[in-house]
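Please keep the sequence and the model in view while reading.

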Amino acid sequence: MSDLSFCESERCEVLADYIIKNNATVRSAAGKFGISKSTVHKDVTERLKNVNRGLYNEVKEILEKNKAERHLRGGEATKMKYLLRKKK
């Protein structure tokens with residue numbers, strides 16, 4: 001069950017606030033609120049634009065930064081995976 005049991009416009013703003021305050025990824029926001037990544041992404045990239053343009057612009061910057069850095073996070077995750085395997 002989702003923690004966000006209110007209307008879409010409120011959910012968009014709550015998700016955006018969380019992403020901004022925590023410099024969070026779409027995946028981490030989805031996990032925090034118990035909803036799908038697709039819903040989070042649609043809320044903060046499409047619906048939020050019509051609800052709160054200022055918040056949308058702030059979130060957009062964070063999402064662009066996350067997108068630019070995702071290959072680094074993926075590489076780090078792979079590195080850790082193989083280090084753990086090596087220890088076993």
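A residue counts as buried when its relative accessible area is under 20%, as exposed when that area is over 50%, and as partly exposed in between. Phe33 has a relative accessible area of 11% and is therefore buried. The model discussed here is predicted, and the points below are grouped by topic.

**Aromatic pair**

- The count of aromatic pairs comes to one, and this pair is formed by Tyr18 and Phe33, whose ring centres are 5.3 Å apart and whose planes stand at 85° to each other, an edge-to-face arrangement.
- Tyr18 belongs to helix 1 and Phe33 to helix 2 (residues 26-33), so the pair ties together parts of the chain that are 15 residues apart in sequence.
- The two values quoted for the pair are the ones by which aromatic rings are described in general, namely the distance of the centres and the angle of the planes.

**Salt bridges**

- Side chains of opposite charge can pair when their charged atoms come close.
- Five salt bridges are counted in the model, and among them is the one between Glu8 and Arg47, in which the closest N and O atoms are 3.3 Å apart.
- This pair links distant parts of the chain, with Glu8 in helix 1 (residues 8-22) and Arg47 in helix 3 (residues 37-51), 39 residues apart.
- Both partners are partly exposed, since Glu8 has a relative accessible area of 42% and Arg47 has one of 23%.
- Glu8 and Arg47 also belong to a network of salt bridges in which they are linked with Arg11 and Asp43.
- Within helix 3, Lys42 and Glu46 lie four residues apart, about one turn of the helix, and they form a salt bridge whose closest N and O atoms are 3.0 Å apart.
- Lys42 is partly exposed at a relative accessible area of 36%, and Glu46 is likewise partly exposed at 45%.
- In helix 4, Glu69 and Lys65 are four residues apart and thus separated by about one helical turn, and the closest N and O atoms of their salt bridge are 3.7 Å apart.
- Glu69 is partly exposed, with a relative accessible area of 28%, and Lys65 falls in the partly exposed class with 36%.

**Negative surface patch**

- Which residues form the negative surface patch? The patch is made up of Asp17, Glu58, Glu61 and Glu64.
- Helix 4 (residues 53-87) gives the most to this patch, contributing three residues.
- Glu58, one of the patch residues, is found in helix 4 and is partly exposed, with a relative accessible area of 42%.

- Asn23 is found in the loop between helix 1 and helix 2, and it has a positive phi of about 50° although it is not a glycine.
- With a relative accessibility of 39%, Asn23 counts as partly exposed.

**Positions in helix 4 and their C-alpha distances**

- Asn57 has its place in helix 4 and is partly exposed, with a relative accessible area of 37%.
- Between Asn57 and Ile19, which are 38 residues apart in sequence, the C-alpha to C-alpha distance is 12 Å.
- Lys60 also lies in helix 4 and is partly exposed, with a relative accessible area of 37%.
- Lys60 and Val44 are 16 residues apart along the chain, and their C-alpha atoms are separated by 8.0 Å.
- Lys81 lies in helix 4 as well and is partly exposed, with a relative accessible area of 42%.
- For Lys81 and Val59, a separation of 22 residues in sequence goes with 30 Å in space, taken from C-alpha to C-alpha.

How values were computed. Residues are numbered from 1 along each chain as its sequence is written. This is a predicted model: local features need pLDDT of at least 70, side-chain atom pairs count only at pLDDT 80 or more; totals for chains, interfaces and linings use all residues. Side-chain values use heavy atoms; hydrogens and water are left out. Patches are made of residues with over 30% relative accessible area and no salt bridge: like charges are joined within 9 Å, nonpolar side chains (Val, Leu, Ile, Met, Phe, Trp, Tyr) within 5 Å. Accessible areas come from the Shrake-Rupley method with a 1.4 Å probe; for residues, only the protein chains shown count as cover. A salt bridge is a side-chain nitrogen of Lys or Arg within 4 Å of a carboxyl oxygen of Asp or Glu. Lys and Arg count as positive and Asp and Glu as negative; His and the chain ends are not counted. The place of a charge is taken as NZ of Lys, CZ of Arg, CG of Asp or CD of Glu. Helices (H or I, at least four residues) and strands (E, at least two) are DSSP runs, numbered from the N terminus. Buried means under 20% relative accessible area, exposed over 50%, partly exposed in between (1.4 Å probe, protein chains only). Rings of Phe, Tyr and Trp (its six-membered ring) pair if their centres lie within 6.5 Å; planes under 30 degrees apart count as stacked, over 60 as edge-to-face and the rest as tilted.
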